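The following paragraphs lead through a structure step by step. Please look at the sequence and the model before reading on.

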Amino acid sequence: MAIITMREAISQALWEEMERDERVFILGEEVGVWGGTYAVTKGFYDRFGPERVRDTPIAEGVIVGAANGAAMAGLKPVAELMTINFAFMAMDQIVNHSAKLRSMFGGQFTVPIVIRAVSGGGRQLGATHSQTPDVIFAHFPGLKVIAPGTPQDAKGLLKSAIRGEDPVMFIEHATLYQARGEVAEGEVLEPIGVSKVQRPGRDVTIVTYSKMLQTSLQAAERLAQDGIEAEVIDLRTLRPLDMDPVIESFKKTNRAVIAEEGWRSYGIGAEVAARIYEAALDYVDAPVQRVAQKEVPLPYNRELEQMALPQVDDVVKAVREVL
Amino acid sequence: MEPKELLRLYHEMVLIRRVEERAAELYQQGKIGGFLHLYIGQEAVGSGLVSARMPQDRVITAYRDHGIAIACGMSARSVMAELLGKATGCSKGMGGSMHLADVNLNFWGGHAIVGAHLPLASGLALADKYRGSDAATICLFGDGATNIGYFHEALNLSKVWSLPVLWVCENNQYGMGTAVERASAVSQIRQKAEGYGMPNARVDGMDVLAVRKAAEDALAHVRKNGPFLLEAMTYRFRGHSMGDPERYRGSDEVRRWQEDDPIGIFRKVLLERGEHDAAALDGEDQRVEAEVQDAVTFAEQSPNPAPETLFGSEFVDRVR
């Protein structure tokens with residue numbers, strides 16, 4: 001086991017897959033000479049050269065579009081979007097093309113594209129650069145959506161995504177790059193579409209993913225001081241969504257809190273809660289609680305921004321509600 | 001050009017025309033659903049262009065795609081079955097009129113979001129360049145597509161990266177019902193390439209041999225020097241799609257263009273050349289009739305896609 005940062009984990013995954021498969025290449029804004037705006041691809045340009053680490057114009061439509069085309073023709077592009085907010089500029093390519101081309105043409109070709117996008121608030125970047133719109137991308141059949149919360153999962157899931165034949169939206173949280181965690185030695189591959197118990201417990205089920213996994217684990221630590229053992233389940237993949245560990249846990253705890261960083265309305269919490277009620281209504285001892293972002297565009301001011309984002313306290317409070 | 005190849009081109013253009021005329025009838029009978037955009041009047045562009053390609057060259061187009069599919073070698077059966085939504089269609093009944101493709105013929109579709117396939121063309125060409133292949137990608141689009149951001153993003157990138165793409169604007173004078181002058185700041189679409197330092201040309205899109213020659217020259221440039229924009233001046237004789245009230249143009253204008261029927265022009269050229277007489281061309285017409293009838297019968301008798309194809313195919317890779 002090595003302890004590395006999320007940034008190192010993602011970087012290692014890309015590096016190893018580029019070493020392994022010549023079809024894999026990176027394209028995006030400032031991925032090459034600059035070394036990546038989040039320094040994920042630092043050193044790649046020197047090692048792999050300008051053909052495989054391609055700096056693009058600031059033009060998200062053609063970044064994802066060209067990646068889709070290259071994927072149709074059998075390459076394995078990894079398109080980097082500087083922030084997920086810019087993915088809206090490429091929304092048509094993502095939802096009308098990445099997600100649909102294979103099935104719409106009767107499976108004549110695959111579209112093995114990985115779109116890396118940086119999501120999340122909390123860095124005082126104002127309303128347009130601070131969104132956590134992950135759930136939107138999970139709405140579309142045909143597109144896998146991965147959002148890891150630990151370095152091990154980031155590395156293992158990104159490698160699986162690159163090796164697969166399906167289009168993948170790989171969402172990295174901007175404030176997690178420095179987060180550290182244990183990553184196994186050797187080949188690290190994590191299965192896509194499998195939720196994971198990140199902390200076992202018996203009293204309440206907390207369902208979460210990405211940055212809110214870290215928040216939820218902190219909340220669980222605090223609750224443990226009062227003798228409350230929360231089971232924390234990390235969805236890791238938003239589509240396809242694996243509810244099995246969630247339902248299994250819920251049948252044991254009979255209580256659930258869903259914690260996400262995006263807005264509550266039509267969110268992950270709504271989907272997961274509905275599925276819990278569908279699958280385990282007889283086990284419900286308290287209404288499922290949702291922790292999410294306040295329903296406002298995020299402000300610049302630090303205090304206000306933090307007030308709008310879900311915090312450890314909010315998770316703790318929600319757990320006390322269901323107990 | 002070889003007399004045999006000329007006759008093949010003639011056959012192909014007539015086949016495109018008749019397949020579409022039958023498709024219009026089947027649409028009126030309710031046997032074809034969704035949208036149906038006819039290529040009638042524009043056959044010389046597709047046939048001229050595609051006849052100039054090498055087998056390794058990829059072709060990609062917009063939703064007015066039946067003619068391009070046939071020019072790429074797709075059988076009338078495969079087209080007709082897809083129009084009827086059958087399992088034997090080129091896209092197994094999953095795509096319909098706007099989404100014909102056969103990657104084995106290097107025909108990469110029929111794409112229905114205006115302008116969106118231009119970035120895809122950049123990517124196809126990038127893949128060929130990446131692998132060191134000498135293949136080019138021919139990307140067709142309408143005049144309407146040149147006003148959307150994708151056009152500019154894709155042309156710019158193709159020039160910056162020197163991608164082997166032949167951009168072909170089929171200027172049929174109207175984006176749906178809006179005349180070029182009412183939608184585009186410049187009425188000569190080829191001028192837009194100048195902004196990217198991209199060589200360009202304009203060709204009479206009603207003359208199949210002129211298109212072929214222009215395409216040969218352009219493809220030679222593309223293989224050697226990168227992207228090129230070719231503007232083919234053409235006209236669609238039918239509405240934008242079935243059910244177009246055509247309030248935006250007069251019947252005089254349509255009639256005037258129909259006098260320049262690309263098939264009629266080519267037929268005259270062939271007769272003047274003297275290698276084929278009228279009887280030979282009529283023979284081709286009859287062969288086409290039989291081919292189209294066979295295609296309709298085949299499509300009507302083909303099975304629908306099995307219900308189970310609807311499920312279990314969201315992803316390629318097994319989950320868990």
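Among contacts in chain A between residues at least 6 apart in sequence, what percentage join residues at least 24 apart? In this predicted model, the share is 79%.

Along its principal axes, the C-alpha trace spans about 55 × 45 × 40 Å. A compact globule of 323 residues would have a radius of gyration near 20 Å, and chain A, with 19 Å, agrees with that. Of the 323 residues of chain A, 56% count as buried.

Where they touch, domain 1 of chain A contributes 26 residues and domain 2 of chain A contributes 21 residues. On the domain 1 side of this contact, at least two residues each come from helix 6 (134-137), strand 6 (144-146), helix 7 (151-163) and strand 7 (168-173) of chain A. Strand 6 of chain A gives the most to that side, with three residues. By class, the side of domain 1 of chain A that touches domain 2 has 13 nonpolar, 10 polar and three charged residues.

Next comes chain B, starting with a sheet. Six strands of chain B form an open sheet with parallel pairing, in the order 2-1-3-4-8-7. Strand 2 and strand 7 (200-204) of chain B stand at the edges with a single partner strand each, so one side of each has no neighbour in the sheet. On average, neighbouring strands of this sheet are turned by 15 degrees against each other, direction ignored. Within the sheet, strand 1 (residues 58-61) and strand 3 (residues 137-142) of chain B run parallel and are joined by three bridges. One detail of strand 3 of chain B is that B:T137 is the bridge partner of B:R58. Helix 5 of chain B packs on the sheet and touches strand 1, strand 2, strand 3 and strand 4 (165-171) of chain B. The direction of helix 5 makes about 175 degrees with that of strand 3 of chain B.

The last step is the contact between the chains. Here 34 residues of chain B are in contact with 37 residues of chain A. Strand 2 (107-110), helix 5 (117-131) and helix 6 (149-160) of chain B each supply at least two residues of the side that touches chain A. Helix 5 of chain B gives the most to this side, with nine residues. The residues of the side of chain B that touches chain A divide into 20 nonpolar, nine polar and five charged.

Definitions and conventions
Residues numbered from 1 in each chain as written. Chains lettered and ligands numbered in written order. Predicted model: local features only at pLDDT ≥ 70, side-chain atom pairs only at ≥ 80, totals over all residues. Contact = placed C-beta atoms within 7 Å. Helix = DSSP H or I, 4+ residues; strand = E, 2+ residues; numbered from the N terminus. Nonpolar A, V, L, I, M, F, W, Y, C, P; charged D, E, K, R; others polar. Rg over C-alpha atoms; globule rule 2.2 N^0.38 Å. Buried ≥ 20, exposed ≤ 12 C-beta atoms within 10 Å, placed from the backbone. Pairing = 2+ DSSP bridges. Axes fitted to C-alpha atoms, helices over the stretch in contact; angles between N-to-C directions.
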